Amino acid sequence: MPHAPDAPSEPTAAPRRDLPPAYDPAAAEPSWVRRWAETPFRADPDSGRPPFTIVIPPPNVTGNLHLGHAFDNTLIDTLIRFKRMQGFEALFQPGTDHAGISTQVVVERELRHEGTDRHALGREAFLERAWAWKERFGGIIEGQLKRLGVSADWSRSRFTMDEGLSRAVRRQFVELAHAGEVFRGERIVNWDPESRTTLSDLEVEREDRQGELVTLAYELRSGGTIRIATVRPETIFADQAIAVHPDDARFAERVGDEARIPLTDRWIPIVTDVAVEPDFGTGALKITPAHDPTDFEIGERHGLDRPSVIGLDARLTSELVPEPFRGLDRFEARTVVTEALEKDGALIARTPHTVAIGVSQRTGVPVEPIVSLQWFWDASASAQRALRGLDEGEMRIVPERYAKVNRDWLEKLRPWNVSRQLWWGHRIPAWYDADGNLHLPPKDDPFLDPTELPENAGKRLTQDEDVFDTWFSSNLWPFSTLGWPDENDPFYRTFYPTDVLVTGYDILFFWVARMQMAGYRFTGRAPFDRVMLHGLVLDEHGQKMSKSKGNGVDPLEVIEESGADALRFAMTHASTGGQDVRWDPRRVDMGRTFTNKLWNAARFASLNLDGPEDPGPPERLADRWIVARLTRATETVTDRLEALDLGAANRAAYDFVWSEFCDWYLEAAKPALQEGDPRTRHVLRTTLDAILRLLHPLLPFVTSELYEALGHERQVALADWPTVAADGRSDPEAEETFGRLQAAVGAIRALRAEADLPPNQRVPVHASGDAATLAGDHGELLAALARAEPHDGPPEGASLRQPLAFGELRLPLVGLVDVDAWRAKRRKRLDEARAELAKSEKKLANEKFVANAPEAVVAEERRRVEEARRTVEGIEASLADLDGAAS
């Protein structure tokens, strides 16, 4: 016989606490938040238990909790709580990112309100202000994560500019610089004219804006003109060539000729390059290496100069720009230059054109591609090692389809611009002497400044003014938070490599791939075993949430209204295969209703658990069935959590608890509980105990509250995960028999509804075939579940029938309803249904309606036809049965 999975056989020693009639998350959750904050789940590297580690995707220190954070951290915490209960030494490593641009923008905004700026303040004073701001506001998001129920080891919270993490960043740079992998050079970068710094690709959002495609005629030295099309006429003054595709026959005779830039006396060559798209515009491309990434690469191949005509303030500058246009803002210049080109006769056409532009994520200002002297990391060798790790299964991507995306990015990697023109961040540990020569910390002592070296005595060395890109510190996060570069740190030795990384697919390129490269480059190992990628949380219309659109949802408001468990339930329920998630408040309602259902079930159980228990094998059908179903639910939920399919785990747990335990078992157990059966009492208690443990990772607050109220001295977060007992995994006989009983109950409910009888009215039911045996053996359960009284033999007079796969059930109408009135009522409903069916069929027979009506309207009409047809067939069958029985 089966046993309840891993259930304690004896009642807990602590007294049970009376449960209020209703669950109030606003009253229950804050006490657990305080408890988990004051006594965090500390990880012990010396415990001897197998380690399990997940690092938090560090939120910006400037940030507040948004749904993306709630999604990330709910998924992580669900896995951490699960593995902790399985006996692992589980470390949820928390921390925050210094968010270079965001923090500097916020502090500079404060300074502007005070009538000053960072330059007037000076670097040191500005950094003091920034640190003061961090100390004042930096802990807000961690407090919000605690409100969500995150069971991190808060005693180990890290910050990317902590002393230890700063040492890791410095070690990284010095090692790469001495290896020649980090270098200083001119490349085209994203420039934010507002914050006056370069940006990573991640910090640039693409927006489609309405613009113009301007066609211009460039005079040829050999005579005639060549036409080019551009969306940026203000940059023509930096043109260095015109390129055509080598296979484009239209321009074969023009290659090698020269063309004059309109409004100037400068002549540029016509060259060929395979990067030119013959089908775009005129097929001839003006090459402006300083202001377009593609042009920069073409210029590199052809040895072209890279003069810039747009300054760091996004205004036209340089002697190459005619005097009337100098000093104009780039967008104002676009209009003025276009008008001048039209007057000059060089303008051939102006066509409306949608332009995809890059916009700074932080300031909202269009970024400007510029050529700048910056620090770059050529990570190609590290990328190849990461690719090998993916190929050899050292890292697995979930869902697997994203592995190809991961590989594609690593294969096409370009040198990464790691310097930023900011003050807040890790200042680059590079110095320059009066002649511009570079001085680095020694390779074997990366923490020693060159100014302290004897050979530099008397030299005036100046440190680089720039700081590192934020990603140049967060790429070390899986191991810098654990103590690296100190490889003897017990946390680094025990908890690295980490087990799972949970994050959105949108930063697969910019964070995940960079951690992969850094992990192999500096530790020789993959930084994580599996990467679980989830989708983005979109609004109900499928649009990305943003402050500017005003379509965001504040998770703290959701928690305030419905509780953290309800939000967490919604998050895990929606986690399916890395797909984007449309926000639907009904999922939160579903979670809130589920917590109430669980509370009511526990309260019912608590009221029926007084008295002795018998831990022997269950004998009653309902007890045998629920133990077998708990076994299956435990197997399924465990399997899905192990596979990182949290959505499926959520649904399996929900279906078992809501339907099988609450709706079926508790009703079926009532007769035995009323009789005081000690074995049923034991099954009820142990099943509820296992359910609370099974649900805990998904609903930590309500399960903690109930587990303690039911008399457990140790909180459920530290209890053992339910496991299937080795001597009894299933009870197929009980499952089959109870399944038949469920089918019979459903049939009786359908008969009662068809007879228009109230749900609580007890009714006689006549069974035949194997259904008669079932009713005879389990009449008490039928009475409890269906309010039915089984009878032998066929009924007398008019009756309704419900066929089953294993027999038939009949409900006699005589004595329950006025048969003639019931028959008349059903015939009237039949006439109405036939009329509805004819009306809908007539609509669908109209070709104009089908061709012109919206697709959704036609589909709805077809649904009505099917529904009306089923109604007609059902009423006709019941009337035929009735008339047959009466005759």
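Is Asp77 buried or exposed, and what is its relative accessible area? Asp77 is buried, at a relative accessible area of 0%. Here buried denotes under 20% relative accessible area, exposed over 50%, and partly exposed the range in between, with a 1.4 Å probe and protein chains only. The model is predicted: local features need pLDDT of at least 70, side-chain atom pairs count only at pLDDT 80 or more, and totals for chains, interfaces and linings use all residues. Residues are numbered from 1 along each chain as its sequence is written, and side-chain values use heavy atoms, with hydrogens and water left out.

**Figure 1. The salt bridge between Asp77 and Arg568.** The closest N and O atoms of this pair are 2.9 Å apart. Asp77 belongs to helix α2 (residues 67-85) and Arg568 to helix α17 (residues 564-573), so the contact ties together parts that are 491 residues apart in sequence. Like other elements named here, these helices are DSSP runs (H or I, at least four residues), as are strands (E, at least two), numbered from the N terminus. Arg568 is buried, with a relative accessible area of 0%. A salt bridge requires a side-chain nitrogen of Lys or Arg within 4 Å of a carboxyl oxygen of Asp or Glu, and a search of the whole structure returns 68 of them.

**Figure 2. The salt bridge between Lys134 and Glu135.** The N to O distance between these two side chains is 3.5 Å. Lys134 counts as buried at 16% relative accessibility, whereas Glu135 counts as exposed at 55%.

Figure 3. Glu368 forms a salt bridge with Arg232 at 2.8 Å, N to O. Arg232 lies in the loop between β8 (225-230) and β9 (241-244) and Glu368 in strand β14 (residues 368-377), so the pair ties together parts that are 136 residues apart in sequence. Both Arg232 and Glu368 are buried, and the relative accessibility of Glu368 is 2%. Leaving aside neighbours within four places in sequence, the residues in contact with Glu368 (heavy atoms within 4.5 Å) include Val189, Asn190, Trp191, His291, Ile310 and Arg330.

**Figure 4. Helix α20 (residues 646-675) and its kink at Tyr665.** The helix has 30 residues and reaches 40 Å from its first C-alpha to its last, close to the 44 Å expected at 1.5 Å a residue; the expected span is 1.5 Å times one less than the number of residues. A kink of about 40° is centred on Tyr665, the bend being the angle between axes fitted to the seven residues ending at a residue and the seven starting there. Of the 30 residues in α20, 21 are buried. Just after α20, Gly676 takes a positive phi of about 80°.

**Figure 5. Tyr665 in the largest nonpolar core.** A nonpolar core is a set of buried Ala, Val, Leu, Ile, Met, Phe, Trp, Tyr and Cys residues joined through side-chain atoms within 4.5 Å. Among the 189 residues of this core, Phe173, Phe661, Tyr665 and Leu809 touch the most other members. Helix α20 contributes the largest share of this core, 15 residues. Not counting residues up to four places away in sequence, Tyr665 touches Ala622, Asp623, Trp625, Ile626, Glu660, Thr680, Val683 and Leu684. A second, separate core of 29 residues includes Val214, Tyr218, Ile242 and Leu316.
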